[in-house]
Amino acid sequence: MSDTRIDFSAPATLRKWPSVNKERVSASLGARPYMIVDGTVDECIQKFMLQPESQRHLYEIHTAPQSDLVSAILSGDHVIELARLRDLLFNAAGRTPRG
């Protein structure tokens, strides 16, 4: 994993699925996720982490695939793991994720 690079400044969008009673409306019913944030992977992760845990399953991040760790669509659980990795990498480098 030490050779794996993740570009947290890459373009990305945070999207949210429409919901009814806190459950996703199915794509088979014509639902599509709508844009919440258009920014970088890092900005989308930050906004995602501000959402209530009970609603995170409604969100996903869309970006260009970078490696086995970053696919085109990142689900809630995947975003949480990337946030942990990002924080670990930045802390190891003696920086904060924003600078």
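User: Which strands does helix 1 lie across, and at about how many degrees does helix 1 run to strand 4?

Analyst: Contact means heavy atoms within 4.5 Å. Helices (H or I, at least four residues) and strands (E, at least two) are DSSP runs, numbered from the N terminus. Axes are lines fitted to C-alpha atoms, for helices over the stretch in contact; angles between N-to-C directions run from 0 to 180 degrees. Here helix 1 (residues 41-49) lies across strand 1, strand 4 and strand 5 (59-63). Helix 1 runs at about 130 degrees to strand 4. This is a predicted model: local features need pLDDT of at least 70, side-chain atom pairs count only at pLDDT 80 or more, and totals for chains, interfaces and linings use all residues. Residues are numbered from 1 along each chain as its sequence is written, and side-chain values use heavy atoms, leaving out hydrogens and water.

User: What is the order of the four strands in the open sheet?

Analyst: Two strands pair if DSSP finds at least two bridges between them. The order is 4-1-5-6, with antiparallel pairing. Strand 4 (34-40) and strand 6 (73-74) are the edges; each has a single partner strand, so one side of each lacks a neighbour in the sheet. Six bridges join strand 1 (residues 11-16) to strand 4. Ala12 stands opposite Gly39 in strand 4.

User: Which residues touch the most other members of the largest nonpolar core?

Analyst: Such a core is a set of buried (under 20% relative accessible area, 1.4 Å probe, protein chains only) Ala, Val, Leu, Ile, Met, Phe, Trp, Tyr and Cys residues joined through side-chain atoms within 4.5 Å. Of its 20 residues, they are Leu14, Ile45, Ile61 and Leu82. Helix 2 gives the most, with five residues.

Methods. Buried means under 20% relative accessible area, exposed over 50%, partly exposed in between (1.4 Å probe, protein chains only).
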